[in-house]
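Have a look at the structure first.

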Amino acid sequence: MFYVNLLTKIKNSSYNKLKTVEIQGFASKKLHNLLLILYKEGYISKFCYKLDKNDNFKIVIFLKYYKQNKKTLINIKQISKSNRSYYCSSKMIWKLKNNFGTYILSTPLGFLNDIEARQLNVGGKLICAIY
């Protein structure tokens, strides 16, 4: 459940109107795909990987704001947690309320947002709702 720390730090930084989030840790394909979804959906402006002086690996995420410091990322609700996982079939994805925001799913094809999962007709574990 590596993404819980990432999503919590992004959410807290957005509430405090910080411009960047630095996360120390490791790089993985799943983490990169999750950040790529946030970038494609327009919640973050960019992200990059850094090595500091002590060869510690860091991920730097630049949050995106509208004019007058209005945040694009209003809330992140973590649906699946360490004690309870929620799964969604491909038929159930069509029933998710998607008036605004994005659902992120962990599928056999990797992390996908709800629109991509509908197009590919794939279900999976509901990770979070972003709105």
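**The nonpolar cores**

The largest nonpolar core has 24 residues, and L6, L35, L38, I61 and I104 touch the most other members. A nonpolar core here is a set of buried Ala, Val, Leu, Ile, Met, Phe, Trp, Tyr and Cys residues joined through side-chain atoms within 4.5 Å; buried means under 20% relative accessible area, with a 1.4 Å probe and protein chains only.

- At least two residues of this core come from each of α1 (3-15), β1 (20-24), α2 (29-40), β2 (44-51), β3 (57-63) and β8 (124-130). Helices (H or I, at least four residues) and strands (E, at least two) are DSSP runs, numbered from the N terminus.
- The biggest giver to this core is α2, with five residues.
- Another core lies apart from it, with nine residues, including I79, I93, A117 and L126.

**Strand β6 and its partners**

- Five of the six residues of β6 (residues 102-107) are buried, so this strand is largely enclosed by the rest of the structure.
- β6 pairs with β8 in the antiparallel sense over five bridges; two strands pair if DSSP finds at least two bridges between them.
- S106 has K125 in β8 as its bridge partner.
- β6 also runs antiparallel to β7 (residues 110-113), joined by four bridges, and I104 has N113 in β7 as its bridge partner.
- β6 and β7 make a hairpin, with two residues between them.

**About the model**

- This is a predicted model: local features need pLDDT of at least 70, side-chain atom pairs count only at pLDDT 80 or more, and totals for chains, interfaces and linings use all residues.
- Residues are numbered from 1 along each chain as its sequence is written, and side-chain values use heavy atoms, with hydrogens and water left out.

Conventions
Buried means under 20% relative accessible area, exposed over 50%, partly exposed in between (1.4 Å probe, protein chains only).
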